[in-house]
Amino acid sequence: MAIHEKSLIDPDRIMTHESLVVDGVDVSGHWNTMVAPRFLSDYDDDFSRIIRQYPGGENVHRCWQCGSCTNSCTMYAQNTDFNPRYWIYLTNLGLKNEILKDKEIIWTCVSCNKCTNICPKDVRPEGVMKALAHWMEEEGHTPKTRSTIFDEEFTGQVLDHGRIEDAHVLLNFLRKTKQSYFQDWLVEVVKRIMRHMPVAFLSMLGWNFVFTPKTRSWGRTGQVLRDYVREQKEAAHARMKETAHV
Ligand code: SF4
Ligand code: SF4
């Protein structure tokens, strides 16, 4: 019998028989595959509540497992091991160790939000993927992802200057993630900009790149925003500690 999402079952629990007789009934052929039962004791009752404290994870408990998120997922189309429905299921059961088996791919969500648009329960699976990735980083299960490094660079520029200088974000991101500046796609983008943009615009880009102007009177506003972000982080950590001890 075909088993749906067979890759999610440990191979040594799948038993296939050439011929099989159960209680005197020959069930060989279509029914020749069985899955050995298992008993789980390493679940964490608080895990779903912890993930709900992360931005994006707030509605994870609403999932009714329809599978629409996985069916529509851009990454699932590339790799059937990328399965938001399954990870949301594991989150709600508190099976952290099962989630950690996929720690190398959960962060690869491309934030296309197809899952979020299609979800009938407003779970916002994209946010849950981000929440799981952040939880894994904070608990030391994974190194800082490129996605986090990009977010930090982007946010840092807003807080420092009150504006985004695209070239700085990109070059700093490539440097911090130890990637070459001479990416084929980047070279192509630069060529097209040089070819199609008016000279005045190119001059402005060059000026901004060299002098990194700030939004007027940004100093005080930037400091207020920094304080706000710090307070929010501290409050979120406190809530998570509280949740873990309920
Ligand atoms: S689409 Fe929404 S309700 Fe359906 S499985 Fe995905 S998260 Fe759950
Ligand atoms: S946002 Fe992420 S999880 Fe959702 S459909 Fe896109 S790649 Fe899949």
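User: Okay, helices here are DSSP runs of H or I, at least four residues long, numbered from the N terminus. Which ones each supply at least two residues of the shell around ligand 2?

Analyst: Welcome! Keep in mind that this is a predicted model. Helix 3 (74-78), helix 7 (114-118) and helix 8 (125-138) each supply at least two residues of that shell. Helix 8 gives the most, with 3 residues.

User: Which residues come nearest to ligand 2?

Analyst: There are 15 residues around ligand 2, and Cys-73, Cys-109, Cys-112, Cys-115 and Glu-126 come nearest. By class, the shell has 9 nonpolar, 4 polar and 2 charged residues.

User: And what is around ligand 1?

Analyst: Ligand 1 is surrounded by 14 residues, the closest being Cys-63, Cys-66, Cys-69, Cys-119 and Val-123. Helix 2 (68-72) and helix 4 (84-93) each supply at least two residues of its shell. The classes there are 9 nonpolar, 3 polar and 2 charged.

User: Back to helix 8. Is it enclosed or open, and why?

Analyst: Helix 8 is largely enclosed by the rest of the structure, because 12 of its 14 residues are buried. The buried ones include Glu-126, Met-129, Ala-133 and Trp-135.

User: What covers those buried residues?

Analyst: Several other helices do. Among them are helix 1 (47-52), helix 2, helix 4, helix 5 (96-100), helix 6 (103-106) and helix 7.

User: Which loop holds Asp-23?

Analyst: Asp-23 is in the loop between strand 2 (21-22) and strand 3 (25-26). Asp-23 also has a positive phi, about 50°, without being a glycine. With 5 C-beta neighbours inside 10 Å, Asp-23 counts as exposed, since the limit for that is 12 or fewer.

User: New topic: how many buried residues does helix 12 have?

Analyst: The count is 0 among its 13 residues, and helix 12 is hardly covered. After helix 12 comes Thr-212, with a positive phi near 40°.

User: Let's zoom out. How many helices and strands are in the protein chain?

Analyst: The protein chain has 13 helices and 4 strands. Its radius of gyration is 24 Å, well over the 18 Å that the globule rule gives for 246 residues, so the chain is more spread out than a compact globule. The C-alpha atoms fill a box of roughly 85 × 50 × 35 Å along the principal axes, and 18% of the 246 residues count as buried.

User: Into which domains is the protein chain divided?

Analyst: The division is domain 1 (6-35), domain 2 (47-143) and domain 3 (146-215). The centres of domain 1 and domain 2 are separated by 31 Å, taken over C-alpha atoms.

How values were computed: Residues numbered from 1 in each chain as written. Chains lettered and ligands numbered in written order. Predicted model: local features only at pLDDT ≥ 70, side-chain atom pairs only at ≥ 80, totals over all residues. Buried ≥ 20, exposed ≤ 12 C-beta atoms within 10 Å, placed from the backbone. Near = placed C-beta within 6 Å. Nonpolar A, V, L, I, M, F, W, Y, C, P; charged D, E, K, R; others polar. Rg over C-alpha atoms; globule rule 2.2 N^0.38 Å. Domains from an automatic or database assignment. Contact = placed C-beta atoms within 7 Å.
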